[in-house]
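Please read them with the structure open alongside.

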Amino acid sequence: MNQPSTAHYIAAMRQAIVLAKRGMTTTTPNPRVGCVLIDDSGRVIGAGFHRRAGGPHAEVEALRQAGPRARGATAVVTLEPCAHHGRTPPCADALIAAGVHRVVYGMTDPNPLVSGKGLTRLAEAGIEVIGPLLEESCRALNPGFIRRMKEGRPAFFLKTAASLDGRIALSNGASRWITGLEARCDVHRWRARCCALMTGIATVLADDPALTVRHVATDRPPVRIVLDSRLQLPETATLVTDRAAPTWVITTAAADPAKADRLTQQGVTVHCLPADRNGRVDLVALASFLGQAAINEVLVEAGPTLAYALLAQKWIDRWIHYLAPKALGGDARPLLPPLALTELAAAPHWQIDTVRRFGEDLRIEFVPTPTTSDRPTKEPP
C-alpha cells in the first residue's frame with residue numbers, strides 16, 4: 001500500500017502549525033492546535049484548527065472537511081489527539097471512527113488527562129502513530145499551556161521599552177512615548193494573544209493605563225491584573241471605570257474590606273492572596289492562583305520593582321524589549337532597580353533570540369539561558 005513520504009508529513013505539519021496560529025488569540029484556556037489530513041499521494045483533503053474553547057477541535061474540523069475521504073488517510077496534527085471527555089468528545093475516538101490509517105503528531109499533550117493516552121488509544125485501534133515531528137515548532141505554539149500543565153503556573157512574558165541608555169522615563173515621570181507608533185502597535189499584538197495583562201499599583205498610580213487591546217481586532221479581551229497589596233487603586237482609575245475588559249485586583253489581608261466592596265460593586269474582581277515578608281502579594285501564591293484560574297500566558301507591563309521580582313524568580317519565559325534610538329540621561333528613571341552587584345559574573349544573563357525593527361525602534365526578544373530541553377520556545381504573534 002502506498003503512503004505519504006516524510007517530506008509530505010513535514011509539509012503537512014508546517015501547514016498545521018500555520019493553521020494553529022489562527023487561534024492565537026481565541027483558544028484560551030485550551031491549546032492552539034492545527035490538523036491537516038492528507039491522502040496517500042500527500043494531497044491535502046481536509047484541514048482545520050481549534051478556534052475556541054467549547055468549539056470543535058482541529059481534528060474534528062479537518063475530518064468534517066474531508067468527509068468520507070478521511071478513511072485510509074493520514075492525520076497530521078500539532079498536538080497529540082485528546083483521549084478524554086471535556087467540553088467535546090475525545091479526538092482520538094473521532095479519528096478511529098473516521099478510519100484514518102495513521103496519525104503524525106507534533107508533540108505529546110502535557111495535560112496529565114491525556115499525556116500519551118491518546119497515542120495509546122490510536123495504536124490499540126490499529127492506527128500507525130508517527131512522531132514527534134517538528135516538535136520545537138509545535139511546542140512554540142503553546143508555551144503557556146505547557147507551563148501550566150507541567151508546573152501549575154502560566155508563562156510570563158515581560159514587556160519593557162527603554163532608551164539607548166536603559167531609561168524608561170524622565171526624572172519627572174514623563175514616559176509617553178519612548179517608542180514610536182509601529183512598536184506600540186506590536187505590543188498590542190502581544191496583548192491580544194495573552195490571557196492576561198499584569199501590572200503593579202505603582203504603574204497604575206503613575207500612568208493610569210487602560211491595558212486594553214487596541215490597533216488589533218480581538219473578541220477576547222485579556223484580563224487586566226493589578227497587584228495592589230494595600231488596595232490603593234483609585235475608584236476613578238481607568239481600569240475601574242473602563243469596562244472594555246475584566247479587571248482583577250490582587251491584594252492581601254491588609255486591604256480595606258469596605259473599599260474592596262466598593263470596587264466589587266463597580267465591576268472589579270478583588271482576590272485576596274497571602275503577603276510575602278515585605279507585605280507585597282506573594283508571587284508563589286500568585287503564580288499558583290493564576291494557574292488554577294486557567295491563565296496560560298501573562299504579559300507583564302510593570303515598573304522596575306515588579307519586573308525585577310519576576311526576573312529574580314526566574315519566571316520570565318520571554319523578555320520582549322523595545323529599544324528606542326534616543327538617550328534620556330543619567331537623571332532619568334532606570335529600567336531595573338539597583339542590583340548591588342559586585343562582579344560582572346553575577347549579573348543575570350539572557351540569550352538574544354530575535355531582533356526585529358519596527359519603525360525607528362528595535363524589538364529584541366530574550367529568552368533564559370537554556371538549562372533544560374523542555375524550555376518553551378519562541379513564537380512571535
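**Notes on the model**

1. Ala-202 counts as exposed because its relative accessibility is 58%, where exposed means over 50% relative accessible area, buried under 20% and partly exposed in between, computed with a 1.4 Å probe on protein chains only. Ala-202 has its place in helix H8, residues 201-207, helices (H or I, at least four residues) and strands (E, at least two) being DSSP runs numbered from the N terminus. Between Ala-202 and Ala-302 the C-alpha to C-alpha distance is 8.3 Å, although 100 residues separate them in sequence.

2. The model is predicted, so that local features need pLDDT of at least 70 and side-chain atom pairs count only at pLDDT 80 or more, while totals for chains, interfaces and linings use all residues. Residues are numbered from 1 along each chain as its sequence is written, and side-chain values use heavy atoms, with hydrogens and water left out.

3. The structure holds 21 salt bridges, a salt bridge being a side-chain nitrogen of Lys or Arg within 4 Å of a carboxyl oxygen of Asp or Glu. One of them joins Asp-186 to Arg-363, with the closest N and O atoms 2.9 Å apart. This pair links distant parts of the chain, since Asp-186 is in helix H7 (residues 181-193) and Arg-363 is in strand E16, 177 residues apart. Asp-186 is buried, its relative accessible area being 1%, and Arg-363 counts as buried at 2% relative accessibility.

4. Asp-186 and Arg-363 also belong to a network of salt bridges, in which they are linked with Arg-189, Arg-318, Asp-353 and Glu-365.

5. A further salt bridge is formed by the side chains of Glu-235 and Arg-262, at 2.9 Å from N to O. Glu-235 lies in the loop between strand E9 (223-227) and helix H9 (238-241), whereas Arg-262 lies in helix H10 (residues 257-265), so the pair ties together parts that are 27 residues apart in sequence. Glu-235 is partly exposed with a relative accessible area of 26%, and Arg-262 is partly exposed with 35%.

6. The side chains of Glu-151 and Arg-153 meet in a salt bridge as well, with an N to O distance of 3.6 Å.

7. Ile-352, Val-355 and Leu-362 make a nonpolar surface patch of about 260 Å². Patches consist of residues with over 30% relative accessible area and no salt bridge, like charges being joined within 9 Å and nonpolar side chains (Val, Leu, Ile, Met, Phe, Trp, Tyr) within 5 Å; accessible areas come from the Shrake-Rupley method with a 1.4 Å probe. Leu-362, found in strand E16 (residues 361-368), is partly exposed with a relative accessible area of 31%.

8. Helix H2 (residues 58-66) packs with H3 at an angle of about 20°, their axes being 9 Å apart, which makes H2 roughly parallel to H3. Angles under 35 degrees count as roughly parallel, with axes fitted to C-alpha atoms over the stretch in contact and angles running from 0 to 180 degrees between N-to-C directions.

9. The axes of helix H3 (residues 91-98) and helix H4 (residues 117-124) come within 9 Å and cross at roughly 20°, and H3 and H4 are therefore roughly parallel to each other.

Notes: Angles under 35 degrees count as roughly parallel, over 145 as roughly antiparallel, 65 to 115 as roughly perpendicular and the rest as oblique.
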